[in-house]
Amino acid sequence: MSPSPIVLLVTALTLAACMDRETTQKALESLGASGPRPDVMPAMLNETLPFRYPPALFAQKVQGNVTLRIFIDSTGAVLSDSTSVEESSGYPGLDSAAVKGTEALRYRPAMLGGNPIGVSILLPVYFRHPEMPPLPGDTLLQRGRRRQ
């Protein structure tokens, strides 16, 4: 029996770095979900995110958002065969880098009734160049930048 999608997870990238895990977890917990909700949401365990900006696109200062659908199993592993691009950035290189990066993601699994469960989530990945202004709608990413 496959679980229904239950949660959105926000992961922001700035170049090859990202917002801290605590901010990501708070964003995860603040978002609504449909269907049965686990007692404990999945929590990312990676110290640093494995997403890497494609060098050619970085040199061109290309920015974009990729939304992935991933399945986190009951052990906290992301099943790579289940990863798909839900919404493209419009740049195949950014889309591919986002998909590739999910192979190294690790989570503490979601829990329901004290038992680990698998969940399907949407995972937005934001590629941002440090020399470019935020894209429209990037209010979350503007916290660390100085206003001009």
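Helices (H or I, at least four residues) and strands (E, at least two) are DSSP runs, numbered from the N terminus.

## The model and its confidence

This is a predicted model, in which local features need pLDDT of at least 70 and side-chain atom pairs count only at pLDDT 80 or more, while totals for chains, interfaces and linings use all residues. Residues are numbered from 1 along each chain as its sequence is written, and side-chain values use heavy atoms, with hydrogens and water left out.

The term pLDDT denotes the predictor's confidence in each residue, from 0 to 100. The protein chain averages a pLDDT of 78, and 70% of the residues score at least 70. Over residues 1–20 the pLDDT stays under 50, and the model has 72 contacts for them beyond four places in sequence; a contact means heavy atoms within 4.5 Å. Residues 22–35 also have a pLDDT that stays under 50, with 24 contacts beyond four places in sequence.

## Overall architecture

The secondary structure of the protein chain comprises 3 helices and 10 strands. Along the sequence, they follow the pattern β-β-β-α-β-α-β-β-α-β-β-β-β. Among contacts between residues at least 6 apart in sequence, 72% join residues at least 24 apart.

A residue is called buried under 20% relative accessible area, exposed over 50%, and partly exposed in between (1.4 Å probe, protein chains only). Of the 148 residues of the protein chain, 43% count as buried.

A nonpolar core is a set of buried Ala, Val, Leu, Ile, Met, Phe, Trp, Tyr and Cys residues joined through side-chain atoms within 4.5 Å. The largest such core has 22 residues, and those with the most contacts inside it are Ile70, Leu105, Tyr107, Leu123 and Phe127. Strand S5 (64–72), helix H3 (92–101) and S10 each supply at least two residues of this core. The largest share, 5 residues, comes from S10.

In H3, the residues Leu94, Asp95, Ala97, Ala98 and Gly101 are buried. They cover an arc of only 165° around the axis, and therefore lie on the same side of H3; the arc is that of the directions from the helix axis to the C-beta atoms. Pro92 and Lys100, on the other side of H3, are exposed. The elements that cover the buried residues of H3 include H2, S5, strand S6 (84–87) and S10.

Tyrosine 53 lies in the loop between strand S4 (43–44) and helix H2 (55–59). Its relative accessible area is 8%, so tyrosine 53 is buried. The side chain of tyrosine 53 reaches the backbone oxygen of valine 62 at 2.3 Å. This is a polar contact, that is, a pair of N or O atoms within 3.5 Å; within protein, one must be able to donate a hydrogen and the other to accept it, and residues adjacent in sequence count only if both atoms are side-chain atoms.

A pair of aromatic rings is described by the distance of the centres and the angle of the planes. Rings of Phe, Tyr and Trp (its six-membered ring) pair if their centres lie within 6.5 Å; planes under 30 degrees apart count as stacked, over 60 as edge-to-face and the rest as tilted. A search of the whole structure finds 2 aromatic pairs, which are set out below.

| Aromatic pair | Centre to centre | Angle between planes | Type |
|---|---|---|---|
| Tyrosine 53 and phenylalanine 58 | 5.3 Å | 80° | edge-to-face |
| Tyrosine 53 and phenylalanine 127 | 5.5 Å | 75° | edge-to-face |

Phenylalanine 127 is buried, as is tyrosine 53, whereas phenylalanine 58 is partly exposed, with a relative accessible area of 27%. Ring pairs link Tyr53, Phe58 and Phe127 into a cluster.

Most residues other than glycine have a negative phi. Lysine 61 has a positive phi of about 60° although it is not a glycine. With a relative accessible area of 34%, lysine 61 is partly exposed.

Glutamine 63 is found in the loop between H2 and S5 and is buried, with a relative accessible area of 12%. Polar atoms of the glutamine 63 side chain lie 3.1 Å from the backbone nitrogen of histidine 129 and 3.2 Å from the backbone oxygen of proline 133. Leaving out residues up to four places away in sequence, glutamine 63 touches several residues, among them Tyr53, Leu94 and Phe127.
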